Amino acid sequence: MDDIESRIIELVAKSKNLPTSDVRMDTTFDELQIDSLDKINLSFAVEEMFSIEIPDESLNSLKTVGDVVRGVENLRAAAPPDAAAS
Amino acid sequence: MKRVVVTGLGCITPIGNTVEEFRESMFAGRTGIAPFDTTFAGALSPDPGLRFRTTAKVKGFDPVNNPAQHLASGVIVSSDSSAQFGIVAARQAAAESGLLSHYDPADIAIITGCACGGRAADEEANRHLYTRNARVAPTAILRTMASSGTSSIAIEMGVTGQVLNVSTACASGTHAIGLAFQMVRAGIAPAAITGGYEAALTFGFLRAWDSMRVVSPTSCRPFALDRDGMTLGEGSAMLAIEPLDAALARGARIYAEIVGFGMSADAHHITQPRAEGAALAMRRALEDAAQSGADDAAGRVGYINAHGTGTPTNDAVEAAAIHQALGELAPHIPVGASKSLTGHSIGAAGAIEALATVLALDAANLPYTAGVTEIDPAFNLDVIMGATRPLAVGKDLALSNSLAFGGLNAVLALRRYTS
């Protein structure tokens with residue numbers, strides 16, 4: 001499990017008071033009962049953690065934990081080197 | 001017009017996080033006022049620059065680990081401790097009364113008082129924003145809404161009736177209970193959960209009060225000759241109220257009856273109170289009580305739970321108001337001030353004092369004003385000090401006064417209930 005994946009799984013698990021073993025890449029937000037407010041809070045925490053900004057249109061398309069991990073990977077790959085390194 | 005009774009109580013306060021603890025501390029005269037930790041997160045100087053060193057803080061509130069105070073993680077992240085106090089206190093009142101299993105959720109009103117909102121959450125977010133350009137969390141809005149607790153109570157209980165929060169500074173809790181009383185009496189709401197909540201003991205809040213030079217460097221001693229100011233507090237108290245006939249029909253425990261409510265505005269000054277305004281609210285509460293069947297209301301008053309902040313000005317003006325409202329009876333009516341025990345919790349103060357008044361009437365025993373050894377003789381009032389005192393025979397009414405900054409006055413009249 002790479003760093004981004006493990007950190008996001010830990011973040012999601014903590015936000016819902018769950019053991020990390022209950023959160024997998026294909027776990028959906030619906031399964032975790034992550035509502036719209038939880039999603040906004042989670043996005044804020046992910047943005048803080050990885051120094052990125054998730055565009056509104058991407059936010060709406062996030063349905064699974066894996067979507068978040070892949071989105072962060074893509075945003076970091078597209079970011080300037082200094083930002084990606086931070 | 002229905003007779004309205006109190007059938008459930010709840011509280012999170014500096015002198016107890018259950019009604020039983022509150023009652024025991026109150027009658028024992030054990031104050032919740034104590035020195036506070038002067039280390040404030042993010043403060044630029046180790047010296048907080050305050051003239052005072054005491055507040056009345058809630059102790060032992062733990063909504064994560066204490067099952068009796070448990071709140072879901074989603075509620076905790078999206079609420080400030082002010083709202084959290086309110087939710088738990090309301091839960092206690094609802095559980096004791098059994099209101100939720102006897103009334104349709106759409107028939108229950110929730111009327112609360114909170115003046116400062118999520119002050120701690122607001123201050124924390126802004127401190128990070130202004131000092132290190134930090135982003136502001138999306139929950140900041142939710143945590144700072146003054147009605148956050150009100151909504152959360154409705155959500156937790158599934159209550160869909162008339163739900164609102166009142167903000168009238170130090171009178172918020174009393175205005176809230178007064179409105180709820182009027183609604184239940186008129187049949188607009190068949191039952192209600194009502195009270196107040198506040199938790200604003202932040203560095204910025206303490207500094208602002210310090211600048212007003214009304215906070216005691218020692219401890220709040222209402223009506224004392226040596227009084228030197230107020231002490232800030234926090235907490236929540238909630239009452240479950242319903243019509244007498246409904247309470248009797250379902251065999252509910254009845255603590256007291258609410259018989260009157262009076263409001264007024266000084267229309268005078270944003271900080272300087274006027275006796276005429278407070279006296280008008282007291283007279284209106286007594287007139288209202290008389291219309292509710294309490295004949296000779298003034299003559300039956302056996303206890304006044306005063307606003308009693310302990311500032312030189314408030315206590316002098318309130319004493320004058322008591323004389324204006326009650327005339328020759330005034331010197332003979334026992335007066336107490338709960339703020340000597342609980343501090344001044346602003347929007348929650350009136351609710352906590354209504355709770356104290358209800359418990360006093362229920363026990364027919366009047367709590368004393370802690371820390372007072374000599375009453376200011378200029379007041380010519382019978383301030384209870386040193387020991388509790390029985391409610392006099394033939395006296396079954398009590399007034400609970402709240403006189404807010406800005407001259408907004410609210411007074412409840414309550415009656416001892418005997419079956």
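A:Gly66 is partly exposed, because 17 other C-beta atoms lie within 10 Å of its own; a residue counts as buried if 20 or more other C-beta atoms lie within 10 Å of its own, as exposed if 12 or fewer do, and as partly exposed in between, with C-beta atoms placed from the backbone. This is a predicted model, in which local features need pLDDT of at least 70 and side-chain atom pairs count only at pLDDT 80 or more, while totals for chains, interfaces and linings use all residues. Residues are numbered from 1 along each chain as its sequence is written, and chains are lettered from A and ligands numbered from 1 in the order in which they are written.

A:Gly66 belongs to helix H4 (residues 65-78) of chain A, where helices are DSSP runs of H or I with at least four residues, numbered from the N terminus. Leaving aside its neighbours within four places in sequence, A:Gly66 is in contact (C-beta atoms, placed from the backbone, within 7 Å) with A:Met25 and A:Asp26.

In chain B, 13 of the 15 residues of H14(B) are buried, so this helix is largely enclosed by the rest of the structure. Just after H14(B), B:Ala364 takes a positive phi of about 50 degrees.

Where the chains meet, eight residues of chain B are in contact with seven residues of chain A. To the side of chain B that touches chain A, helix H2 (residues 73-77) of chain B gives the most, with three residues.

Note on methods:
Contact = placed C-beta atoms within 7 Å. Helix = DSSP H or I, 4+ residues; strand = E, 2+ residues; numbered from the N terminus.
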